[in-house]
Amino acid sequence: MKNNKLGFSTRAIHAGTNPDKETGAVITPIYATSTYIQDTPGQHRGYEYSRTGNPTRSRLEDKLADLEGGRFGTAYASGMASINTILNLLSAGDHVITGTDVYGGTHRIFTQVFEQYNLEFTFVDTTDHSRVNKSFRPETKLLWIESPTNPLLQINDIAGLAEIAYENDALLAVDNTFATPYLQRPLEMGADIVSHSLTKYLGGHSDAVGGALVTDDEELGERLAFYQNSVGATPGPHESFLFLRGIKTLPVRMDKHCRNAGEITDWLDEHPLVKRVYYPGLKSHPGHELASKQMAGFGGMVSFELDASLEATAKMCSSTRIFLLAESLGGIESLIEQPATMTHASIPREERLAAGLNDGLVRLSVGIEDHEDLIQDLDQAISAAVE
Ligand SMILES: *Cc1c(COP(=O)(O)O)cnc(C)c1O
């Protein structure tokens, strides 16, 4: 089923997935097969080898493409494998502009993997368009952004940056992991490629690792599929099945993530020991207006700065009973982490502080439990830490 006139929730359930032709199975089967019979040599029925294509994975790729509003989807073994595939489009000597507040793994693959192949990366504050404009060179081929960013939840103007990239003959790629296509569709705002870690909200249940790319450009779609097959970092049919299942409930989960995050930020904002709350849904957030324009909701990620030392903040993060102390995000269960000692610990302290990642910073992935319980849990953890 493919009909863009249907609503997002209907498409989340039905797009790309028709009942199985042979058996009538309503749910896409897990096609656990590596190879496919050919009728005569070279005459196959659409599938020849499962690295190249697998029916369970194809259904996932079609569903994701439909939801992002593009025609060409490719799925990967992880979000990092999807990012790697975008970089496969570039050649030695090419230049990439990206944000200062990008996902740590993205920073690592740029600087520690691809710089050795003579790709160059410039990190700038992508909310400052004149800085972005000045960073372009003749050899700039790619502008890479996230929105909201991690962990300070800055909002990037996707349509504005798409225009800048277009004027400079560069591609705009958007990592849409934090927002998901339910809240934000970068292709509709002019982006060329959308990247996802399916591990997070799209899977939604913290039980599988995967990634995906979507584009509406046929030539790009073909090149991405070429690298997907050539490199071979593809998800298996079991993971593809889990992502198909997760995506069907994305709209109801995201609504609850957003509602819970809103309740929690309103409460944190009033708390005497909380210095600052980072959430695009707050009117005081510098990206609030832009987020209201380009997103259908503000998401489930919340950061805040506790008026406390590194040690007291670490104690707070260890004192929650419902929020689980763990990296990652986007699952139904709430998680808490301290960027300074966990996700962003590899950044030297001076550099980390300069980027606004203070010792008291706490990042929450707000789950879909009862918000009253989550607030009570944070309240007792903050009290326990400052006693
Ligand atoms: C987790 C994440 C990634 C990497 O995805 P994996 O599935 O862990 O490889 C990339 N970008 C963002 C924004 C992420 O949160």
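Here is a friendly question-and-answer tour of a predicted model.

Visitor: Let's begin with the overall layout. How far apart are the centres of domain 1 and domain 2?
Guide: Happy to start there! The protein is divided into domain 1, covering 8–248, and domain 2, covering 250–386. Taken over C-alpha atoms, their centres are separated by 26 Å.

Visitor: How many residues does each domain bring to the contact?
Guide: Contact here means heavy atoms within 4.5 Å. By that test, domain 1 gives 32 residues and domain 2 gives 36 residues.

Visitor: What is the count of salt bridges between domain 1 and domain 2?
Guide: A salt bridge needs a side-chain nitrogen of Lys or Arg within 4 Å of a carboxyl oxygen of Asp or Glu. By this rule the model has a count of 13 salt bridges. Between domain 1 and domain 2, though, the count is zero.

Visitor: How many residues apart in sequence are the parts that D66 and R11 tie together?
Guide: Side chains of opposite charge can pair when their charged atoms come close. The side chains of D66 and R11 form a salt bridge, with N to O at 2.8 Å. D66 sits in helix α2 (residues 55–68) and R11 in helix α1 (residues 8–14), so the pair links parts whose separation in sequence is 55 residues.

Visitor: Staying with α2, how do the residues of its contact with α9 divide by class?
Guide: The axes of α2 and α9 (residues 237–248) come within 8 Å and cross at roughly 35°, and the crossing is left-handed. From α2, T56, R57, R59, L60, K63, L64 and L67 take part, and they meet P237, S240, F241, F243, L244 and I247 of α9. Sorted by class, the contact holds eight nonpolar, two polar and three charged residues.

Visitor: And for α12 with α14, how many nonpolar, polar and charged residues make the contact?
Guide: Helix α12 (residues 310–318) packs on helix α14 (residues 371–386) at an angle of about 145°, with the axes 8 Å apart. This crossing is right-handed. A312, K315 and M316 of α12 meet L378, A381, I382, A384 and A385 of α14. The classes come out as seven nonpolar, no polar and one charged.

Visitor: Now for the backbone. Where does P151 lie, and is its peptide bond from N150 cis or trans?
Guide: Two proline bonds are worth a look here. The bond from S147 to P148 is cis, with omega near -5°, and P148 is placed in the loop between β4 (140–146) and α6 (158–167). P151 lies in the loop between β4 and α6, and its bond from N150, with omega near 0°, is cis.

Visitor: What is the phi of N118?
Guide: Look in the loop between α4 (104–114) and β3 (120–124), where N118 lies. N118 is not a glycine, yet its phi is positive, at about 70°.

Terms used: Residues are numbered from 1 along each chain as its sequence is written. This is a predicted model: local features need pLDDT of at least 70, side-chain atom pairs count only at pLDDT 80 or more; totals for chains, interfaces and linings use all residues. Side-chain values use heavy atoms; hydrogens and water are left out. Axes are lines fitted to C-alpha atoms, for helices over the stretch in contact, and angles run from 0 to 180 degrees between N-to-C directions. Helices (H or I, at least four residues) and strands (E, at least two) are DSSP runs, numbered from the N terminus. A crossing is left-handed if the near helix is turned anticlockwise from the far one by less than a right angle, and right-handed if clockwise. Ala, Val, Leu, Ile, Met, Phe, Trp, Tyr, Cys and Pro count as nonpolar, Asp, Glu, Lys and Arg as charged, and the others, Gly among them, as polar. Domain bounds come from an automatic or database domain assignment.
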